[in-house]
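I set down here, in order, what I looked up in this structure. The entries pass from the whole chain to single elements and residues.

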Amino acid sequence: MSQIPRQAALPTCPSCAEPLDAGDRFCGACGYDLSAVPPRPDDTPTLTMSGAEVSAAPGAQASAAHGADGPPPPPPPAGPPPAAAPPTAAAAPSAVPAATTSPDPAAGVRFDRPAEPEEYPLQAPDPRLAVAKVCVACRAGRVDDDGYCENCGHAQPRERDHMEQETGPVAAVSDRGLRHHRNEDSFTVGHTALPDGGPALVAIVCDGVSSATRPDDASYAAAQTAGRALLAALPTGAHPQQAMHEAIVAASHAVNALAEEPATAREHSPHQNAPACTLVGAIVTAGLLVVGWVGDSRVYWVPADRSSPPARLTEDDSWAAQMVSAGLMNEAEAYADERAHAITGWLGADAYELEPHTAAFKPDRPGVVIVCTDGLWNYAEGAEEMAEALPLDAAARPLHAARVLVGHALDGGGHDNVTVALVPFPAPAQGAGSA
């Protein structure tokens, strides 16, 4: 219930009850020193409460009889104080705090209270917030299952927006880029041992076809399937080039399986098409480099001795590459055309025909193998440009070098998803082991 505030009464002299002004140090009527601290009045109850009955104490009844302006009644005669019990040796009077002393139960009102603890226990945290994600925008709200903040509604970045992995001497980085709303690329990197104990390094990079349905699922399924196939086949003695071919076929089957859906699904989404992606990969051993691909993702070779020429090791399955191969355009004209990046080969149930490409090389010097999507090579298309963007210590610091290359693409505009994996050649001995 709301109440109207009362106006405060003017202060009066404690000696003669003369009204005082603010700031007075002495009473103007009797000269009383207002700075003197008056003695503390005794705390005596004016009401005796017992159960449901409330009766006025004698002093209170006398005060009511005289009225508000009458003189106060004389205090009751004080009787002799009760004899105090002598202290015992087991408990001294000073050991009992005054706050816990029990008052006279006949008074009906308690003026004592239990001692308060120095610290209060904190409330247990909400178990949901202990495991829930916190919003990256407001730093306070809980993120719901749909990826939005329950406090400010901000959409949260997806887990695949930026991915990094380093395993042994192999590393890869993938980023959503600056224009796409999600990352449709995926990768797998790993290392294993050949039957003779020699090391084998593996890198697979896949780029989802944006015009297809669920391109991110397609690239993930292809990269994971191909990577597992290679890491399982190489330790059994399979030739790396044959293992690469079979891994691409297995990845194609995995992507095709994504198109198998109930017949009623097309009724609700009639404009869906089959998930699709491209694939490129590399296998590096102590003396052999094998590459395989379907689509327009690429593999570059950059020697450790930068005085030696770098090279591109793959040929795009694209409209521009077909024009150049047929002699209808030179490379500059073909890739300047708006149809340049239209792919002619991919993994997916609606692909014309699966034609895995593989090639084997035996470099005569150490270097670094760059496996990447067009989100990177669009900003370093030529082998010389790619070599210039690659840090000199890429073989020793592959994860750092991969981050640098992704940054190069983002600085150039980041129009597409960017994924790059780096594999040193030859495979160092310490790269052997289980993936």
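Entry 1, the whole protein. I looked up contacts (heavy atoms within 4.5 Å) between residues at least 6 apart in sequence, and 61% of them join residues at least 24 apart. I note that this is a predicted model, in which local features need pLDDT of at least 70, side-chain atom pairs count only at pLDDT 80 or more, and totals for chains, interfaces and linings use all residues. Residues are numbered from 1 along each chain as its sequence is written, and side-chain values use heavy atoms, with hydrogens and water left out.

I found ten helices and 14 strands; these are DSSP runs numbered from the N terminus, helices being H or I of at least four residues and strands E of at least two. Of the 435 residues, 36% count as buried, that is, under 20% relative accessible area with a 1.4 Å probe and protein chains only. The accessible surface comes to about 25900 Å² (Shrake-Rupley method, 1.4 Å probe), and carbon and sulfur atoms hold 54% of it.

I took a nonpolar core as a set of buried Ala, Val, Leu, Ile, Met, Phe, Trp, Tyr and Cys residues joined through side-chain atoms within 4.5 Å. The largest has 32 residues, and Ile 370, Leu 390, Val 420 and Leu 422 have the most contacts inside it. Helix α10 (residues 398-412) gives the largest share of this core, six residues. A second, separate core has 27 residues, among them Ala 221 and Leu 288. Leaving out residues up to four places away in sequence, I listed the contacts of Leu 390, which include Val 302, Arg 306, Ile 370 and Leu 422.

I checked the length of α4 (residues 240-258): its 19 residues should span 27 Å at 1.5 Å a residue, and its end C-alpha atoms are 27 Å apart, which agrees. The expected span is 1.5 Å times one less than the number of residues. Buried residues of α4 include Pro 240, Ala 243, Met 244, Ala 247 and Ile 248. An α-helix has 3.6 residues a turn, so residues three or four places apart point the same way. Among the elements covering the buried residues of α4 are β6 (199-208), α3 (215-233) and β7 (276-284).

Strands β3 (residues 162-167) and β4 (residues 170-175) pair in the antiparallel sense over six bridges, where pairing requires at least two DSSP bridges. I noted Asp 175 in β4 as the bridge partner of His 162. Two residues lie between the strands, and Gly 168 takes a positive phi near 60 degrees.

Conventions:
Buried means under 20% relative accessible area, exposed over 50%, partly exposed in between (1.4 Å probe, protein chains only).
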